Amino acid sequence: MPLLPANRIQSLPQSGTLAIYQQTQQLKAQGYKICDLGIGEPVGTPPTHIQQVAKNAIDAGNYFKYPPIEGYADLRTAIANKLRRDNHIPCEAENIVVSAGAKQALANVLLSLLNPGDEIVIYTPYWATYASLVKLTGAKPVFLKGSPKHNFEPAPEQLQAALTPRTRALLFSSPCNPTGLVFSKTSLEALADVLQPHPQVLVIADEIYEYIRFVDGYTSIGSLPNMVDRVVTVNGFSKSFSMTGWRVGYMAAPQWLAKACTRLQGQLTGGVNTIAQRAALAALELTEDEISIGRIRDLYLTRRDLAVQLFKALPGFDFHVPSGAFYLFPDVRYYLDKAVGVPTMHDTNAFCAYMLTNAHVSLIPGATFGEPHCVRISYGVSEATLREANDRLQRALARWPT
Ligand code: PLP
């Protein structure tokens with residue numbers, strides 16, 4: 001008998017992001033200069049105050065022992081204060097669980113909520129991890145996609161039609177990775193209205209890109225009066241504070257679910273790294289000016305506008321101008337199934353593999369996000385990289401027949 005991992009791992013889709021990442025690293029190791037538009041890394045580094053607090057925490061010598069599983073009490077209180085003050089979400093420290101990134105917060109919620117056979121509606125395109133985590137639970141994902149004309153936002157009637165007695169949750173990100181869609185207050189209210197007659201359905205709202213948005217106003221669905229105790233808000237420090245490597249995220253959940261997630265996390269990983277938690281607390285104590293939210297937003301906005309201008313100029317790259325996050329998500333079906341000029345490509349996996357090996361530009365195929373005709377372009381890179389990538393793609397695409 002060959003030695004094999006468990007079925008649950010064998011059936012777990014390998015992250016498309018990871019596959020391209022590995023190929024990109026291999027090519028870089030061979031000395032190729034790759035324009036990497038595949039990564040989801042924010043620009044910049046954590047504010048220096050946050051870095052200093054982490055250094056001080058080590059020197060203080062008080063943070064060598066296991067932390068509480070659910071997170072330090074002062075950090076959970078500060079998170080609850082932030083969510084009440086900025087997001088108008090009614091919550092207390094008891095609703096907060098601090099995890100190793102928003103990713104673990106999502107894993108905790110899905111594993112604590114879903115039984116095999118349950119259904120969860122996932123707004124599509126989605127962040128790839130959602131589908132993989134749901135697979136681990138044995139629940140059935142119901143992928144709901146609106147019209148590309150509306151940047152894929154499903155209409156309330158579509159949600160209505162997707163709900164069944166087995167539906168336990170609805171999951172989406174806003175701002176959305178990969179489309180950049182930011183759900184308006186009106187959309188969220190319409191969605192909440194659809195859910196009113198279905199009290200067994202929770203909403204899991206992933207707000208990790210909260211600070212990276214280019215539209216006025218931001219509504220958290222957890223703030224709507226008719227959604228009290230029915231929303232899990234997931235957020236973290238990775239994107240807002242450029243702290244991806246520090247691995248701190250959190251959820252605000254109804255208490256029964258926060259307790260369940262703490263129980264699970266206690267068996268899986270325990271509490272989050274002590275020093276990173278002190279740094280996260282320091283991040284929440286900064287004022288908007290100190291974090292330079294406005295400056296960061298302006299920087300991403302300039303980068304977005306450049307990316308839009310460059311990539312709209314490529315024939316056959318069809319996309320909405322994103323309102324948040326730092327990705328473009330063009331439909332490139334124009335380049336598929338063409339029989340002359342280049343090897344025929346039937347899907348964007350082949351298209352991205354071709355661009356990586358021939359143009360040395362790394363993009364993520366859309367199937368990873370549930371939309372196979374698109375590719376994801378990250379503009380969380382320098383302007384020079386964006387321009388160079390665009391030049392290389394333009395040259396490679398010129399080989400296609402028009
Ligand atoms: N949610 C979305 C939509 C993301 O794009 C990402 C990372 O790319 C995460 C969650 C993970 O965040 P964290 O680094 O806090 O685990």
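Reader: What is the bridge partner of V98 in β8?

Author: V98 is bridged to Y250 there, and I96 has A252 as its partner in β8. β8 covers residues 249–252, and β2 and β8 run antiparallel. This is a predicted model, where local features need pLDDT of at least 70 and side-chain atom pairs pLDDT 80 or more, while totals for chains, interfaces and linings use all residues. Residues are numbered from 1 along each chain as its sequence is written, and side-chain values use heavy atoms, leaving out hydrogens and water.

Reader: How do you know that β2 pairs with β8?

Author: Two strands count as paired if DSSP finds at least two bridges between them. β2 and β8 are joined by four bridges, so they pass that test. The strands and helices themselves are DSSP runs, numbered from the N terminus: E for strands, at least two residues, and H or I for helices, at least four.

Reader: What makes β2 an edge strand?

Author: The open sheet has seven strands in the order β2-β8-β7-β6-β5-β3-β4, with mixed pairing. β2 (96–99) and β4 (140–145) each pair on one side only, and these are the edge strands. From one strand to the next, the twist averages 20 degrees.

Reader: Which residues of β2 are buried on each side?

Author: I96 and V98 are buried on one side, V97 and S99 on the other, and both faces are covered. Buried stands for a relative accessible area under 20%, exposed for over 50%, and partly exposed for what falls in between (1.4 Å probe, protein chains only). In a regular strand, side chains alternate between the two faces of the sheet.

Reader: Why is the contact between E119 and K140 called a salt bridge?

Author: The term asks for a side-chain nitrogen of Lys or Arg within 4 Å of a carboxyl oxygen of Asp or Glu. The closest N and O atoms of E119 and K140 are 3.9 Å apart, so the pair qualifies. The two residues sit 21 residues apart, E119 in strand β3 (residues 119–124) and K140 in strand β4. E119 has a relative accessible area of 3% and is therefore buried, whereas K140, at 47%, is partly exposed. Together with R166, E119 and K140 are linked in a network of salt bridges.

Reader: How many salt bridges does the whole structure have?

Author: The search finds 14. Among them is E189 with K185, at 3.8 Å from N to O. E189 and K185 are four residues apart in helix α8 (residues 185–195), which means they are separated by about one helical turn. Another is E92 with R84, at 3.6 Å.

Reader: Why are α5 and α9 called roughly perpendicular?

Author: Their axes cross at roughly 105 degrees and come within 9 Å. The axes are lines fitted to C-alpha atoms over the stretch in contact, with angles from 0 to 180 degrees between N-to-C directions. Angles of 65 to 115 count as roughly perpendicular, under 35 as roughly parallel, over 145 as roughly antiparallel and the rest as oblique, so α5 and α9 are roughly perpendicular. Residues that meet there include A107 and L111 of α5 and W256 and L264 of α9, with contact meaning heavy atoms within 4.5 Å.

Reader: What makes α12 and α14 roughly parallel?

Author: Helix α12 (residues 293–312) and helix α14 (residues 383–397) pack at about 10 degrees, their axes 10 Å apart. With that angle they are therefore roughly parallel. L306 and F311 of α12 are among the residues that meet α14.

Reader: What makes a set of residues a nonpolar core?

Author: Its members are buried Ala, Val, Leu, Ile, Met, Phe, Trp, Tyr and Cys residues, joined through side-chain atoms within 4.5 Å. The largest such core here has 76 residues, of which I204, F311, F351, M355 and L363 touch the most other members. Helix α5 (residues 101–113) gives the largest share, seven residues. Another core, of 31 residues, lies apart from it and includes I79 and F241.

Reader: What is the phi of H360, and is the residue buried or exposed?

Author: Phi of H360 is near 55 degrees, a positive value in a residue other than glycine. Most residues other than glycine have a negative phi, and most peptide bonds are trans. With 18% relative accessibility, H360 counts as buried. As for peptide bonds, the one joining T124 and P125 is cis, with omega about 0 degrees.
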